[in-house]
Amino acid sequence: YTVEYHDSIGSTNDRARELAVDGDRDIVVVADEQTGGRGRLERSWDSPPGGIWASAVLDPSLPAAHVPLVTLAAGVAVVDACRAVGVEATLKWPNDVLVGDDPDSDRGGQKLAGILTEMEGEADRVSWLLVGIGLNANIAREALPDGAASLQEQGGDVDRRAVLQTILESLSTLVAAPDTIIEQWRAYSSTLGRAVRVDTGREQIEGRAVDVQFPGALVVDTDSGEEVVHAGDCEHLR
Ligand code: BTN
């Protein structure tokens, strides 16, 4: 990847999108701070200096239906990088990286990182694809929103360049071997086996999360049988 670095930017995803639309590929936009960081579901994303705010423009030559796999792969790559610096992160479906998400503790998990994948294209032709990664790295407690955690807090400051390098290497390896993504995701997940409530925007589905299946759907065992959820906001209940 070529890296384009900014001290401060609105959103690395917005800049990556401009590059992607222009036809650039294999480029990563990185910033120390974002002034208009965006999260999923139109939420804003706090991005003070010290985080890893990065957006990778990927090769879009894959069927649009496989794009959810890329999001899962990015989550796996972030967990790989966190574990490499000794932080036991886990994944909450579809794309949240958590710490301390232990079903037996009264305090739920805290969010360490999130992924925002964006694309444009039709069923069998993706014209561009980018993956935005926000990882709370060298950020002090006071600068974090409620419910968030940082690597600094977990084990001290990290070398952000090295952590990003691990993420990108792992992401490339996974994207080149898509058959391995779901298996890796399952291994890192703290969603599977849990009681969950998923808000799909149309309905709330409650039950036990039993699996993640191709290309990234959550299978929930409910009172009325198994439901396959393709997108939504998931809450771990216990
Ligand atoms: C989420 O969990 O809601 C996704 C958060 C994604 C945040 C990252 S930070 C880098 C990139 N630029 C953005 O504006 N958002 C993503």
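Which residue in β7 is the bridge partner of Met119? In this predicted model, where local features need pLDDT of at least 70, side-chain atom pairs count only at pLDDT 80 or more, and totals for chains, interfaces and linings use all residues, the partner of Met119 is Leu129. Residues are numbered from 1 along each chain as its sequence is written.

Helices (H or I, at least four residues) and strands (E, at least two) are DSSP runs, numbered from the N terminus, and two strands pair if DSSP finds at least two bridges between them. β6 and β7 form a hairpin with two residues between them, while Val57 stands opposite Leu130 of β7. The pairings of β7 are as follows.

| Strand pair | Sense | Bridges |
|---|---|---|
| β3 and β7 | antiparallel | seven bridges |
| β6 and β7 | antiparallel | ten bridges |

Nine of the eleven residues of β7 are buried, that is, 20 or more other C-beta atoms, placed from the backbone, lie within 10 Å of their own.

The ligand is surrounded by 21 residues, the closest being Ser11, Gly39, Gly114, Gly132 and Gly134, where a residue counts as near if its C-beta atom, placed from the backbone, lies within 6 Å. Two or more residues of this shell come from each of α1 (12-21), β3 (52-58), β6 (110-122) and β7 (125-135).

The domain assignment gives domain 1 (2-190) and domain 2 (192-238), with bounds from an automatic or database assignment. Their contact, which requires C-beta atoms, placed from the backbone, within 7 Å, takes 18 residues from domain 1 and twelve residues from domain 2.

Definitions and conventions
Two residues are in contact if their C-beta atoms, placed from the backbone, lie within 7 Å. A residue is buried if 20 or more other C-beta atoms lie within 10 Å of its own, exposed if 12 or fewer, and partly exposed in between; C-beta atoms are placed from the backbone.
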